[in-house]
Amino acid sequence: MDSQRTHCRLAKNAPAMQIVPDGSGKLRLGTLIRLPDGAEVEVCGEGYNDRTTKVIWEGSTYYVFSNDLRLDRPALAALWAG
């Protein structure tokens with residue numbers, strides 16, 4: 001997936017659910033925050049459903065709503081099609 005990562009900006013101040021490892025190394029949902037309008041994020045994977053995308057912002061990983069990204073839906077779909 002690394003070769004398919006792309007950078008984009010958030011279209012607006014957007015809610016994001018942080019993804020953090022627990023004590024055993026498994027991923028769990030962390031704090032719900034709002035990422036700032038225009039924040040540059042790196043798309044790094046699929047979301048937990050078809051409306052979300054996994055991104056990295058300032059070294060942390062989050063799920064955000066795909067429609068909050070300034071990346072057209074066909075380009076985002078192409079990332080997952082490989």
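**Charged pairs, aromatic pairs and the nonpolar core**

Arginine 9 has a relative accessible area of 40% and is therefore partly exposed, since this class covers values between the limits of 20% for buried and 50% for exposed residues. The model is a predicted one. Arginine 9 forms a salt bridge with glutamate 40, and the closest N and O atoms of the two are 3.4 Å apart. Side chains of opposite charge can pair when their charged atoms come close.

The count of salt bridges comes to 2. Aspartate 68 and lysine 12 form a salt bridge in which the closest N and O atoms are 3.5 Å apart. This pair links distant parts of the chain: lysine 12 is in the loop between E1 and E2, aspartate 68 is in the loop between E6 and helix H1 (73-81), and the separation is 56 residues. Lysine 12, at 44% relative accessibility, counts as partly exposed.

The elements named above belong to a chain with 1 helix and 6 strands. Along the sequence, these elements follow the pattern β-β-β-β-β-β-α. The chain has 82 residues, and buried residues make up 32% of them. Among contacts with a separation of 6 or more, 48% are between residues 24 or more positions apart. The chain exposes about 5,000 Å², and carbon and sulfur atoms supply 48% of this area.

The largest nonpolar core has 13 residues, and those with the most contacts inside it are Leu10, Leu35, Val41, Val55 and Leu69. Two or more residues of this core come from each of strand E2 (14-21), strand E4 (40-46), strand E5 (52-57) and strand E6 (60-65). Apart from residues up to four places away in sequence, valine 41 touches Leu10, Leu35, Val55 and Leu69, together with Thr6, His7, Cys8, Ile56 and Trp57.

Aromatic rings provide further contacts. A pair of aromatic rings is described by the distance of the centres and the angle of the planes. The count of aromatic pairs comes to 2. In the pair of tyrosine 48 and tyrosine 63, the ring centres are 5.1 Å apart and the planes are at 80°, so the arrangement is edge-to-face. Tyrosine 48 lies in the loop between E4 and E5 and tyrosine 63 in strand E6, so that the pair links distant parts of the chain, 15 residues apart. Tyrosine 48 counts as exposed because its relative accessibility is 52%, whereas tyrosine 63 is buried, with a relative accessible area of 18%. Tryptophan 57 and tyrosine 62 form a tilted aromatic pair, with 6.4 Å from centre to centre and 55° between the planes. Tryptophan 57 is buried, at a relative accessible area of 16%, and tyrosine 62 is buried as well, at 6%.

Two threonines were also examined. Threonine 53 is part of strand E5. Its relative accessible area is 0%, so threonine 53 is buried. Which side chain makes a polar contact with the side chain of threonine 53? The partner is the side chain of serine 66, at 2.6 Å. Threonine 31 is in strand E3 (residues 27-35). The relative accessibility of threonine 31 is 47%, which means that this residue counts as partly exposed. When neighbours within four places in sequence are left aside, threonine 31 is in contact with Ala16, Met17 and Gln18. The C-alpha atoms of threonine 31 and isoleucine 19 are 8.1 Å apart, and the two residues are 12 residues apart in sequence.

Methods. Residues numbered from 1 in each chain as written. Predicted model: local features only at pLDDT ≥ 70, side-chain atom pairs only at ≥ 80, totals over all residues. Heavy atoms only, no water. Core = buried A, V, L, I, M, F, W, Y, C linked by side-chain atoms within 4.5 Å. Buried < 20%, exposed > 50% of the residue type's maximum accessible area, 1.4 Å probe, protein only. Helix = DSSP H or I, 4+ residues; strand = E, 2+ residues; numbered from the N terminus. Contact = heavy atoms within 4.5 Å. Phe/Tyr/Trp six-rings, centres within 6.5 Å; stacked < 30°, edge-to-face > 60°. Polar contact = N/O pair within 3.5 Å; in protein donor to acceptor, adjacent residues only side chain to side chain. Areas by Shrake-Rupley, 256 points an atom, 1.4 Å probe, with all protein chains shown as cover. Salt bridge = Lys/Arg side-chain N within 4 Å of Asp/Glu carboxyl O.
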